[in-house]
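The report that follows is written for someone who meets this structure here without having seen it before. Please look through the sequence and the model, and then read on.

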Amino acid sequence: MNSFSALIPLLIIVFASLCIMILEAFLKKENKDYLAYISIIFLVVCGFFLVRAWNKDFSYFNGNLFLDNLSLFFSFIFLITTFLVILISMKYISLQGVNCGEYYSLLLLALSGMLIMVSSGDLLVIFLGLEVLSISSYSLAGLRRKDEKSSEAAIKYFLLGCFASAFLVYGIALLYGATYSTDIASIINHFQSGESLGLMALIGLGMFVIGFGFKIAVVPFHMWTPDVYEGAPTPITAFFSVGPKAVGFAVLLRVLYPYLKNVQDSSKAIFLLLCIISVLTMVVGNLIALRQTNLKRILAYSSIAHAGYLLIAILAQDNASLVFYLTVYIFMNIGAFAAVIALGKKDKEYLELEDYAGIGFKYPWIGATFSVFLLSLAGFPPTGGFLAKFYVFSAAVRQDLVPLVIIGVLASLISVFYYLRIIVYMYMKEPSYEVDINIDNPGLFLVLFLCLYGVLQLGIFPGNVLILIKQAVTALL
Amino acid sequence: MTDIFWLIPFIPAMSTLILAIFGQKLPKKYISFQACFAVFASFIISVISLVGLLQTSHESYPLVKNLFSWIHAGSFKADLSFQLDPLSAVMALVVTGVGFLIHVYSVGYMANDKSYSRYFTYLNLFTFAMLILVMSSNVVLMFVGWEGVGLCSYLLIGFWFEKHSAANAGKKAFIVNRIGDAAFIIGIFFILIYVGSGEFTAINSAISGGAITQGVATLIAVLLFVGATGKSAQIPLYVWLPDAMEGPTPVSALIHAATMVTAGVYMVSRMNLLYTLSVDAAQVVAVVGAVTAIYAATMALTQNDIKRVLAYSTISQIGYMFIGCGVGAYAAGMFHLYTHAFFKSLLFLAAGSVMHALSGELDMRKMGGLRKYLPLTYPTFLIGAIAISGIPFLSGFFSKDAILTHAFASGQYFVWALGILGAVLTAFYMFRLIFLTFHGKERMTPEVKKHIHEPPPAMTVPLVILAFFSIVAGFIGLPVVFGKNLNWFGHFLEPVIKKSHEAHLTLGTEWLLIIISVAVALIGILIAYIFYIKKPQIPHSLVARFPFIYKLLYNKYYVDEIYNATFVNPTIKGSELIYDKFDLKVIDGAVNGTASSASFFGKILSYFQTGLIKDYALIFLLGAILFIAYLLF
């Protein structure tokens, strides 16, 4: 249905972003927390409009922007992501001296980019959204201006991001050259119709995948990830590890699902390449993670490895399990990052493994929730992480992707080591020095408990969410 | 009225739960009250159920109360359901009745123990498990009780686990029972395979319907009996029971004399159709019982530890019960179980009273002449000893006589002869115990002697009650020589137990058998009198003359040593070998090797993470080129 309603959520977020930018100038320094509250209010309002649009299929701009159920579901979990990130940022900003005006503004701008990306079927619009997201992200990575690592992260992210974008745009151009269209549906139709499109279209698609491979951080396009994750402010790292990754998969799902499903001959090559990438990603991500001692780097490699598992879901063409995995992943990863952020005080973050010795007894709530998130990331029942992996792997087995599943299971076996090592440090090592943290952080504890709830709810009673997801993915059929 | 019988196991369960959670904080007085009251309440309900059962017609036996469906997988179904029939009613009465008295006794005996609440938690838990065992309506739930009593036995033998020997004895009991239980559960699996259900009614109708061949019946019956030899301490798995005396004495009385160790007899009686069908299995039961009866009695002859004598005596007496079951006289076996529960727990409790008086002394060589110091313990002990020896008109006489008569009547003369020989030995070692402990020279040290005193009423009252029942309990099962229908106990069990088809002895023969067994008992007592009162030098000269036999008996035929050499040590050595050579080297090596190689590859791969943008871009580019190259070609 052609309706302006399709535009409302996006407009709200963009408006919120601008509002905060302006308001920042008028607020006194001690009142800067209001910016976070205002952002949250806008998020809630936006969420309200998203919920109202469920099952309505609004579209605008001649169908270039639409809100089908899949867009709605993704938009909604992006709102939740941003909401959680804002909550974990509030104290962090004042403790670590990050300038907060542009912080929230950029965060919301990044969100608007993500909303555009999941709400469009046109490659150019998607690219537009991607650039809005990317440019905000580059700035966010470098927001701790006094910190060299942060600036380094921003530059690295920017340069490599441009590099990847170039591939992406070139890919889109080639696809356009081959099919005279930038609309995903008609491109797929061209592939499907059997007429010879030549290598141009195939290479175009390949470059498109490479460009997004960068965003979702799969091997070998992942090199930026650890450095950027380490340098960026930690709440932003949490945001990077879930937001851009989820949106990347959302777009790949829109493109690759119909492609792999309908185009039999030429898709084999892409299929095989994706298999290789998936294996490489799982193996390399987990193996390097074993050697890391910095929590943010461990989680960075862990997020690379998870991209590998998610690729299996795309290859198994089980959209529901992919979306479910992403949903669980958001809760467990943000939860884990929240626990990392919890270990900080004025101008100091505790990020080394050594710092975590004895934390489980000193700060039982942080230790316990962090343990649950780590167990979920490793895939232990009864957490959501277990069910997510289980759905993905069982879908892959149904599609006869058994070797892939075996590698996936072995890779996650390796991952258990570095996840459990953190728990071992928290509960079984004697601390050799004092770690004292600022625990006056209600927003962060709220996030810890919300994520805990999410992980357990999705692990034990996933029924309702699964029903919603099933409704969402019908948009692809 | 009768349908409240499911409360019988439920009340001790509740009490256990409360004691387990709050026991540490509750005052001793309350703990004693609750623990005893729970068992007493169960006892009252058992009595009510028995009365109700007697008013119900035989056709409606057994009464079944299905609480809820416990396991339901495919066609297999096991419920949490209890049944009440004469057999389980008798067992429930014994368990709760004797159990209650022993609980009361424990209040006095354990008064100064620091783990008071733990003790009563275990004791209540045991009562619960034992009641599950005897009241469950299917073998699967029965196995739960079977394992539950095993667990409690382990916990209570090792109750004073600070003592190394107690902890070891607990472990030994547990491990030896595991062997039996493994066979037992395999037997249960066979039942489930061949019958398709674990319900006793279904098993019985499958047997009487001919669904089970004799071969299968033998297989199942023997497997179940192996389980019984573990739990009921028969050859070859009896070795744990003497060591189990490391536990508190009331525990020995309740678990290792009156109730748990007789579970095997109950099980065989419960499965009597099976053992009747399989002649071979029944023969195995009879022979194992007879051999155990005499074998254990010989070992009791030379022991100096008062509780160990009683332990061997228990093994021997359970042997008699199995003789009864093996020759088809299940009612007689159950009858002996029932009388034995009284006089054996009496003997144990009286022994506990002696220990209490002598500050924990167990060695009979350091006792003697206690008769005048313990004016109450002595007569009760004596009553127990007379009852177990088989002197007429005390309970043990009737039940043992019933077993031996049936053994003779069924033509098993060898078994009968062993039983008679065992009876001589029983009378002898029991009176050896009496004479060494209560008569003769006082061999205590002076400071021990100073403290000798009768125990508090909480301990003496149960002694008196048990002594009373040791005397009269036999009168509900009089032999046929006293009149036709006086075996009320046997009649009561008839609906459950298939009537034995023999007993065609003439009255004369019956009289003869009774006279023989009384005579041998008296002979045993007489020899003991001569040996230990009249001419105390005889035992020493016998030892000097037959040192080999004495040593063999004193060292319990070296069976523990043989088991250690043949089973225990090879197992330990083998485990150590496997641990050293396979586990540490191969398994750990493989694990560590995997870990270190994973770590190694991780290290190699992280070399690529140089931190330089040009390298990152290069790898990106290389990846992209390979990707597109693959698409091109």
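B:Ser517 is found in helix α22 of chain B, which covers residues 507-534; helices here are DSSP runs of H or I with at least four residues, strands are runs of E with at least two, and both are numbered from the N terminus. With a relative accessible area of 11%, B:Ser517 is buried, where buried stands for under 20% relative accessible area, exposed for over 50% and partly exposed for what lies in between, using a 1.4 Å probe and protein chains only. Once its neighbours within four places in sequence are left aside, B:Ser517 is in contact with B:Asp401 and B:Ile420, a contact being heavy atoms within 4.5 Å.

This is a predicted model, in which local features need pLDDT of at least 70 and side-chain atom pairs count only at pLDDT 80 or more, while totals for chains, interfaces and linings use all residues. Residues are numbered from 1 along each chain as its sequence is written, chains are lettered from A and ligands numbered from 1 in the order in which they are written, and side-chain values use heavy atoms, with hydrogens and water left out.

Another residue of chain B, B:Asn569, has its place in helix α25, residues 559-607. B:Asn569 is partly exposed, its relative accessible area being 36%, and, leaving aside its neighbours within four places in sequence, B:Asn569 is in contact with B:Asn564 and B:Gly574. In chain A, A:Ser139 belongs to helix α5, residues 123-141, and is partly exposed with a relative accessible area of 31%. A:Ser139 and A:Ala232 are 93 residues apart in sequence, and their C-alpha atoms are 9.7 Å apart in space.

Chain B has 26 helices and two strands, and of its 633 residues 56% count as buried. In chain A, residues 24 or more positions apart account for 81% of the contacts with a separation of 6 or more; in chain B, among contacts between residues at least 6 apart in sequence, 81% join residues at least 24 apart.

Two packed helices are described by the angle between their axes and the distance between the axes. The axes of α13 (residues 319-342) and α18 (residues 442-460) of chain A come within 9 Å and cross at roughly 150°; axes are lines fitted to C-alpha atoms, for helices over the stretch in contact, and angles run from 0 to 180 degrees between N-to-C directions. Among the residues that make this contact are A:Phe324, A:Phe331 and A:Gly335 of α13(A), and A:Leu444, A:Cys451 and A:Gly454 of α18(A). The residues of this contact divide into 16 nonpolar, three polar and no charged, where Ala, Val, Leu, Ile, Met, Phe, Trp, Tyr, Cys and Pro count as nonpolar, Asp, Glu, Lys and Arg as charged, and the others, Gly among them, as polar.

Helix α13(A) also meets α3(A), residues 69-96, where the axes come within 11 Å and cross at roughly 5°. That makes α3(A) roughly parallel to α13(A), since angles under 35 degrees count as roughly parallel, over 145 as roughly antiparallel, 65 to 115 as roughly perpendicular and the rest as oblique. The contact includes A:Phe73, A:Ile80 and A:Tyr92 of α3(A) and A:Val323, A:Ile330 and A:Ile341 of α13(A). By class, this contact has 16 nonpolar, two polar and no charged residues.

Side chains of opposite charge can pair when their charged atoms come close. Over all chains, a search of the whole structure finds 25 salt bridges, a salt bridge being a side-chain nitrogen of Lys or Arg within 4 Å of a carboxyl oxygen of Asp or Glu. The table lists some of them.

| A:Asp227 | A:Arg297 | 3.3 Å |

A:Asp227 and A:Arg297 are both buried. B:Asp79 is buried at 8% relative accessibility, whereas B:Lys77 is partly exposed at 40%. B:Lys114 is exposed, with a relative accessible area of 70%.
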